[in-house]
Amino acid sequence: MTDFDIGYLTPVIDDDGAPFWEYAAQGQLRVQACGSCGELRFPPRPCCPHCRSFDGEWRRMSGRGRIWSYVRPHPPLLPFYAEQAPYNAVVVELADAPHIRLVGNVVAAPDAALNSVDPARLRIGAAVRVAFTEQGGGVTVPRWLLER
């Protein structure tokens, strides 16, 4: 049985990105930063694209952001996702690091279904905050809640 058969697609976790997922499991949103020049970078990678240093650290973010873009996926969809349509997929620009954008879903509560927020409520620039949910396979993922 594959992820396609059982539900949510899960991320492929590599050595560079593993700390991101470990912090997410602890309910923390952290982004990789260069240990030399301090530049934040995402996706995680071994070398800083600004100064070429291999020193790195993980900085905690506030978990707040704004919807930078969003879509409502349309069929054909994988069966698990088709059952939850219509739902959203968003790109969130982090408030602490506007050049860093994360992909996810806006939901009504951390463990809510993907279709728990009416797509008509989404707007470019809408304020969101991160929430975390364990979605299977031992992976905790960030999701987004609309700020009131």
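Biologist: What is the volume of the largest pocket?

Modeller: The largest pocket holds about 500 Å³. This is a predicted model: local features need pLDDT of at least 70, side-chain atom pairs count only at pLDDT 80 or more, and totals for chains, interfaces and linings use all residues. Residues are numbered from 1 along each chain as its sequence is written, and side-chain values use heavy atoms, with hydrogens and water left out.

Biologist: What is a pocket, and what is its volume?

Modeller: Rolling a probe the size of a water molecule over the atoms shows where empty space is left. On a 1 Å grid over the protein atoms alone, with a 1.4 Å probe, a pocket is an open set of points with protein on both sides within 12 Å along at least five of seven lines; lining residues have an atom within 4 Å of a point. Points are joined across faces, edges and corners, and the volume is the space filled by probe spheres set on them.

Biologist: Which residues lie nearest the centre of the largest pocket?

Modeller: Pro11, Trp21, Val103, Val141 and Pro142, out of 24 lining residues. Helix H2 (18-25), strand E6 (101-104) and strand E8 (140-146) each give two or more residues to this lining. Helices (H or I, at least four residues) and strands (E, at least two) are DSSP runs, numbered from the N terminus.

Biologist: How many salt bridges are there?

Modeller: A salt bridge is a side-chain nitrogen of Lys or Arg within 4 Å of a carboxyl oxygen of Asp or Glu. The count here is four. Arg64, Arg129 and Glu147 form a network of them. Glutamate 147 approaches arginine 64 to 2.5 Å between the closest N and O atoms. Glutamate 147 follows E8 and arginine 64 sits in strand E4, so this pair ties together parts 83 residues apart in sequence. For arginine 129 and glutamate 147, the closest N and O atoms are 3.4 Å apart.

Biologist: Is glutamate 147 buried, partly exposed or exposed?

Modeller: Buried means under 20% relative accessible area, exposed over 50%, and partly exposed in between (1.4 Å probe, protein chains only). Glutamate 147 is partly exposed at 30%.
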